[in-house]
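Biologist: I am new to this structure and would like a close look at one part of it. Please explain the salt bridges, and then relate the parts that they connect to the rest of the fold.

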Amino acid sequence: QRGEFFDDRAEHGGRELENLPSADVVNLQFGWKFVDLEGLFNKVPATVPIVVTMHEMATFTGGCSYAGDCERYLRQCGNCPLMDSFQVNDLSRRSWRRKQAAYHGRLPGKIHFVADSYWLARQARRSGLLADLPVSVIHYGLDTSVFRPLNRKVCRELLAVPSDVPVVSFAAASVT
């Protein structure tokens, strides 16, 4: 199972960045389809640090949010199985190259990548795009006095769920 494909370009071609205010640091979160990555990296002065917070793999692949068993991102993408492509220079390869130019065009010490898990950081460090760039882990913060395990028996009683019925929790942005 593989995830969605995210294009590194925006429909506005960078015009969405025309009124970008000056900043001491830029933190790029999930910008796919909203921000033109190449345009952003060209617009932000080379002296301004950019921190890219990764929530999935598209930052260091040709665009797939989850590569599954595909390891093309370890060198450079192309022939993308997610896109059913048999072309070396397909959209995934072109996107990979644009990201490479953007990331490696920054001054040393002016770009940093942050993963939300150790697993994601390991994959990022293995990738051909980020292998020589700094990657750190910052886990999501949760208030453990609110988000904590509760007594299962009491919860089942409160929710009227029989004790002999299996319970599966599921959440997704898209079930497709």
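Modeller: The count comes to four salt bridges, a salt bridge being a side-chain nitrogen of Lys or Arg within 4 Å of a carboxyl oxygen of Asp or Glu. This is a predicted model, in which local features need pLDDT of at least 70 and side-chain atom pairs count only at pLDDT 80 or more, whereas totals for chains, interfaces and linings use all residues. Residues are numbered from 1 along each chain as its sequence is written, and side-chain values use heavy atoms, with hydrogens and water left out.

Asp7 takes part in a salt bridge with Arg9, at 2.7 Å from N to O. Asp7 also forms a salt bridge with Arg98, where the closest N and O atoms are 3.8 Å apart. Asp7 belongs to the segment before β1 and Arg98 to helix α2, so this pair ties together parts that are 91 residues apart in sequence. Helices (H or I, at least four residues) and strands (E, at least two) are DSSP runs, numbered from the N terminus. Arg98 counts as buried at 16% relative accessibility, while Arg9 is partly exposed, its relative accessible area being 38%. Here buried means under 20% relative accessible area, exposed over 50%, and partly exposed in between, with a 1.4 Å probe and protein chains only.

A salt bridge also joins the side chains of Arg126 and Glu71, at 3.3 Å from N to O. Arg126 lies in helix α3 (residues 118-126) and Glu71 in the loop between β2 and α2, so the pair ties together parts that are 55 residues apart in sequence. Arg126 is partly exposed, with a relative accessible area of 39%, and Glu71 counts as partly exposed at 45%. Salt bridges that share partners join Asp7, Asp8, Arg9 and Arg98 into one network.

The strands named above can now be placed. Strand β1 (residues 26-28) pairs with β2 in the parallel sense over three bridges; two strands pair if DSSP finds at least two bridges between them. In this pairing, Asn27 stands opposite Val51 of β2. Four of the five residues of β2 (residues 50-54) are buried, so this strand is largely enclosed by the rest of the structure. Strand β3 (residues 111-115) runs parallel to β2 and is joined to it by five bridges, and Phe113 in β3 is the bridge partner of Val52.

A right-handed β-α-β unit is made by β1, helix α1 (residues 37-43) and β2. Helix α2 (residues 91-104), the helix that holds Arg98, carries the chain from β2 to β3 in a β-α-β crossover that is likewise right-handed. A crossover is right-handed if, with the strands pointing away from the viewer, the path from the first strand over the helix to the second runs clockwise.
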